[in-house]
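Dear colleague,

Please find below the structure that I am handing over to you.

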Amino acid sequence: MAEHATQMQVSDEIAITISKMNKWYGTFHVLRDIDLTVNRGERIVICGPSGSGKSTLIRCINALEEHQQGSIEVDGTLLSSDLKNIDKIRSEVGMCFQHFNLFPHLTILENCTLAPIWVRKTPKKEAEETAMHFLEKVKIPDQAMKYPGQLSGGQQQRVAIARSLCMRPRIMLFDEPTSALDPEMIKEVLDTMIELAEEGMTMLCVTHEMGFARQVANRVIFMDAGQIVEQNEPEAFFNNPQSPRTQLFLSQILGH
Amino acid sequence: MSDTHAQTVAFVRETEIPEAAPPYAATGPVKWMRENLFATPANALLTVVAAYAIYLILAPTLPWILNGVWTANSLAECREILQGATGACFAVLTERWPQLLFGFKYPSELYWRPSLAFVLLFVAVAPVLFFDLPRKLLIFTGLFPFIAYYLIWGGTIFVPILALVGCLGGYAVYQRFVTGSFAAGFFGGIAAALLIWYIGGLLIPDGASENAMLTPVPSRDLGGFMLNMMLGVTCVSLSIPIGIALALGRQSSMPLIKVVCVVFIEFIRGVPLITLLFVASVMLAYFFPPDSTVDLFLRVVIMITMFSAAYIAEVIRGGLAALPKGQYEAADSLGLDYPQAMRLIILPQALKISIPGIVNVAVGLFKDTVLVSVISMFDLLGMIRGPILASTEWNGVYWELLGFASLLFFVVCYGISQYSQWLERRLATDHR
């Protein structure tokens with residue numbers, strides 16, 4: 001499995017730089033002094049106990065959450081409160097959510113073409129071709145005319161991935177994409193994500209799928225209480241964790 | 001399959017039993033009656049009681065309706081024809097028909113104008129209500145308010161044309177500047193429209209209305225059910241967009257907009273409609289410059305629209321609150337800006353949830369238009385209470401007149417409610 005990861009190239013070009021980033025919910029200090037540099041082509045898995053701020057961290061990257069201190073630079077654009085900047089970054093960064101968040105009033109195809117048509121001003125026909133291309137990639141082109149409510153959870157999550165890909169993002173964020181799925185559907189979603197990784201997509205995944213982390217990630221980050229506790233290559237991270245907090249966490253989730 | 005089991009099981013059927021017809025009592029009307037009317041002794045008893053109640057109601061009313069007199073010139077004449085037998089005096093409806101529909105001052109030779117506007121209303125509303133119709137029809141919907149104004153009020157054609165030009169000019173300015181900033185587009189558009197109306201107002205020659213092609217009819221001559229329809233249609237169609245704007249404003253992260261919307265909604269909801277109507281008829285004049293004469297109809301429209309917009313805003317706020325936060329986040333994460341996210345993702349879903357509530361307000365608003373009779377406008381109820389019941393010929397024909405008014409309102413409101421149910425089914429795509 002390890003050779004899988006080495007096949008995938010990481011370039012020297014920097015995709016995301018986060019430095020000295022702090023965030024508070026009211027008076028609660030959620031993220032503390034986060035420093036993180038992500039190179040293009042990296043597949044990073046972020047894990048940690050619930051409430052450790054992993055979701056908040058990746059939601060800060062596309063400004064779904066506001067940070068109060070420090071800086072985040074995505075693709076050379078500095079995240080500020082300027083709405084134009086935010087919309088630009090959001091259109092470059094795709095995101096998949098735990099609960100898919102497909103638009104229930106639109107068909108699968110319309111879900112996929114909406115943003116390209118309105119944000120990128122792509123002609124409708126071209127947008128539909130792109131959408132069908134990505135729907136084929138996630139292996140559900142035959143559901144294009146159905147509504148999200150008619151699909152299974154795994155299919156919905158794959159549509160959500162295709163919807164993000166239709167914007168041709170340079171970075172993909174995954175916020176616990178398999179946590180709301182049945183075990184047999186987890187595999188079909190993970191397969192899609194692995195394929196995406198093999199094509200060299202820059203990915204940040206919050207997930208508890210440690211098998212996926214071993215197979216795909218080139219770096220695993222462990223977070224606790226709003227800070228990055230440990231980060232390492234998957235082999236070293238799983239076989240030889242350094243901090244006691246990481247050891248405890250790994251023993252708990254790998255123990256059974 | 002039967003081969004393998006034939007030796008191990010005790011009995012194997014080789015032939016099929018022919019299909020038999022169900023017993024008589026298990027099908028048809030008998031089955032229906034058994035299940036629905038006489039399922040249990042208590043059920044049977046209730047059925048009998050209900051049948052008796054229906055009989056009690058119909059026994060006097062049916063002859064009253066069927067025996068009704070349709071042609072007579074006064075109540076006295078009706079009674080003469082009936083000669084003591086039970087019977088309604090529907091003659092009042094036929095004799096006062098135009099008054100019930102158009103009021104008593106609208107010139108009778110001009111009845112064709114509001115009637116034509118009424119027919120065109122259906123053409124204009126159709127593409128809005130049934131979105132399978134070709135979208136090009138919406139152009140007529142856009143023109144309809146100006147056509148209807150011209151038909152009903154008459155006067156010089158320059159007024160509706162000027163109004164239309166002002167709207168188009170404002171829209172052009174809005175389109176030009178909205179890409180830069182929404183506020184610039186919005187206020188620029190309003191300013192441009194006002195400017196065009198002001199300059200255009202100076203250009204229209206003074207006596208233009210007197211020798212116009214369509215004889216002008218002043219607002220105080222409008223009346224009857226026409227007035228209810230006009231108020232209902234105008235106020236519903238104005239209050240839905242205003243209600244949406246208020247609901248979104250109430251959610252805004254900008255404190256000023258939020259405060260303005262909250263204060264407006266809470267204030268208007270806290271005041272009875274009748275009070276607002278009295279304000280419109282009596283007091284609003286104090287707020288305008290001394291020599292300006294803002295039409296009473298316009299004042300009433302403003303008040304009713306504000307009133308129902310506040311209610312609709314709260315209904316839509318409920319719809320907005322019912323949407324999961326993930327929908328906002330998904331729209332944001334795809335890079336849609338605020339107007340796009342609202343128009344394409346949030347409002348279609350929130351409005352769908354709000355349909356029953358909006359229809360509830362719309363039906364209520366339509367019925368509330370009869371309240372204008374209190375401020376001496378002669379709508380359907382105003383006509384019945386005033387000129388018709390007060391006349392010597394028809395003094396005392398309450399049942400027939402008020403029954404007719406109820407029937408008219410019922411037909412319209414039931415139609416609205418049926419449409420909304422169809423719309424909900426049509427929009428049901430969530431397959432829950």
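**Cysteines and backbone**

B:C261 is a buried residue, its relative accessible area being 8%. Please keep in mind that this is a predicted model.

The sulfur of B:C261 is too far from any partner for a bond, because the closest cysteine sulfur, in B:C235, lies 20 Å away, whereas a disulfide requires two cysteine sulfur atoms within 2.5 Å.

How many disulfides does the structure hold over all chains? There is 1. That disulfide is formed by B:C78 and B:C89, and their sulfur atoms are 1.9 Å apart. The link of B:C78 and B:C89 is right-handed, with 70° about the S-S bond. Distant parts of the chain are joined in this way: B:C78 belongs to helix α4 (residues 75-82) of chain B, while B:C89 sits in the loop between α4 and α5 (91-95) of chain B, and the two are 11 residues apart.

Are the two partners buried or exposed? B:C78 is buried, at 1% relative accessibility. B:C89 is likewise buried, and its relative accessible area is 3%.

In chain A, A:C47 takes part in no disulfide. The cysteine sulfur nearest to that of A:C47 belongs to A:C205, at a distance of 11 Å. With 0% relative accessibility, A:C47 is classed as buried.

Where is A:K121 found? This lysine is placed in the loop between α4 (108-118) and α5 (124-137) of chain A. A:K121 is exposed, because its relative accessibility is 59% and the cut-off for that class is over 50%.

The other note concerns A:R168, a residue other than glycine whose phi is also positive, near 50°. A:R168 is part of the loop between α6 (153-165) and β7 (171-175) of chain A. Its relative accessible area is 52%, and A:R168 therefore counts as exposed.

With kind regards

Definitions and conventions: Residues numbered from 1 in each chain as written. Chains lettered and ligands numbered in written order. Predicted model: local features only at pLDDT ≥ 70, side-chain atom pairs only at ≥ 80, totals over all residues. Heavy atoms only, no water. Helix = DSSP H or I, 4+ residues; strand = E, 2+ residues; numbered from the N terminus. Buried < 20%, exposed > 50% of the residue type's maximum accessible area, 1.4 Å probe, protein only.
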